[in-house]
Amino acid sequence: ACSHAGLVDEGYRFFKSMVEDHGITPNICHYNCIVDLLGRAGCLIEAEDLLQAIQPDVIGWTSLLTACRTHGNVKVGRRCFDQVVQLDPNNAAVYVLMSNIYANACMWKDAYKIEKLRKCAGASKKSGRAWIEVDNKVHEFIGGDKCHPQSDEISAKLRR
């Protein structure tokens with residue numbers, strides 16, 4: 001809750017209280033919450049320092065990478081990207097995030113290189129899916145799929 005509300009000081013206070021007042025040893029989930037808290041508040045260097053001080057996982061690095069996209073920090077973003085790729089080279093989402101960071105900074109060649117890296121690593125993006133019920137019948141739609149029997153009619157309707 002503190003993370004989404006931007007209450008960095010309060011979030012840290014709860015974290016310290018957990019350790020000092022209640023004797024709870026923080027685990028990776030607790031640290032990832034603090035990374036998210038710092039990242040959302042734009043404290044990217046502090047979040048990166050915290051990750052480097054612990055045994056981070058993909059979630060922590062990806063959380064910080066997402067914050068780098070939000071705050072437009074290419075340098076920290078690239079360091080996070082490199083860490084995630086070391087831990088999980090097939091994680092397509094991080095390639096997309098890093099490519100978007102480069103694209104938002106108008107660094108088109110770098111964005112293209114990341115997309116090439118993603119393809120070379122065999123990290124494939126999963127297609128989006130949606131379901132809708134019409135007249136008690138459920139219809140499934142998959143991004144880029146034209147197999148639905150009324151695909152042409154639906155596309156024509158959406159273009160209007």
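Residues are classed by relative accessible area: buried means under 20%, exposed over 50%, and partly exposed in between, with a 1.4 Å probe and protein chains only. By this scale Asn 136 is exposed, at a relative accessible area of 72%. The structure is a predicted model, in which local features need pLDDT of at least 70 and side-chain atom pairs count only at pLDDT 80 or more, while totals for chains, interfaces and linings use all residues. Residues are numbered from 1 along each chain as its sequence is written, and side-chain values use heavy atoms, with hydrogens and water left out.

Secondary structure was assigned from DSSP runs, numbered from the N terminus; helices are H or I runs of at least four residues, and strands are E runs of at least two. The chain holds nine helices and two strands. Their order from the N terminus is α-α-α-α-α-α-α-α-β-β-α.

The overall dimensions were examined next. The radius of gyration was taken over C-alpha atoms, and the globule rule is 2.2 Å times the number of residues to the power 0.38. The chain has a radius of gyration of 20 Å, whereas a compact globule of 160 residues would have one near 15 Å. The C-alpha trace spans about 60 × 45 × 25 Å along its principal axes. Of the 160 residues, 31% count as buried. Contact means heavy atoms within 4.5 Å. Among contacts with a separation of 6 or more, 48% come from residues 24 or more positions apart.

Accessible areas come from the Shrake-Rupley method with a 1.4 Å probe; for residues, only the protein chains shown count as cover. The accessible surface of the chain is about 10,600 Å². Carbon and sulfur atoms contribute 53% of this surface. For charge, Lys and Arg count as positive and Asp and Glu as negative, with His and the chain ends not counted. Each charge is placed at NZ of Lys, CZ of Arg, CG of Asp or CD of Glu. The chain carries 20 positive and 19 negative side chains. The centres of the two sets lie 10 Å apart.

Trp 61 is placed in helix H5 (residues 58–71). Trp 61 counts as buried because its relative accessibility is 3%. Leaving aside residues up to four places away in sequence, Trp 61 touches Glu 48, Leu 51, Gln 52, Pro 56, Cys 80, Gln 83, Val 84 and Leu 87. Val 84 belongs to helix H6 (residues 74–87). With 0% relative accessibility, Val 84 is buried. With the same exclusion of residues up to four places away, Val 84 touches Val 58, Trp 61, Thr 62, Pro 89, Asn 91 and Val 94. Val 84 and Val 58 are 26 residues apart in sequence, yet their C-alpha atoms are 5.6 Å apart.

Helix H7 (residues 92–104) contains Ser 99. Ser 99 is buried, with 13% relative accessibility. Beyond residues up to four places away in sequence, Ser 99 touches Ala 111 and Ile 114. Asn 100 also lies in helix H7. Asn 100 is partly exposed, since its relative accessible area is 32%. The C-alpha atoms of Asn 100 and Asn 136 are separated by 40 Å, at 36 residues apart along the chain.

Several loop positions were also examined. Asn 136 lies in the loop between strand S1 (129–134) and strand S2 (137–142). Its phi is positive, about 65 degrees, although Asn 136 is not a glycine. Cys 106 likewise has a positive phi, near 60 degrees, in a residue other than glycine. Cys 106 sits in the loop between H7 and helix H8 (108–121). Cys 106 is exposed, with a relative accessible area of 54%. Gly 23 is found in the loop between helix H2 (8–20) and helix H3 (28–40). Gly 23 is exposed at 59% relative accessibility. A disulfide is taken as a pair of cysteine sulfur atoms within 2.5 Å. The count by this rule is zero disulfides. Cys 33 is in no disulfide, and the nearest cysteine sulfur, that of Cys 29, is 7.1 Å away. Cys 120 counts as exposed, at 69% relative accessibility.
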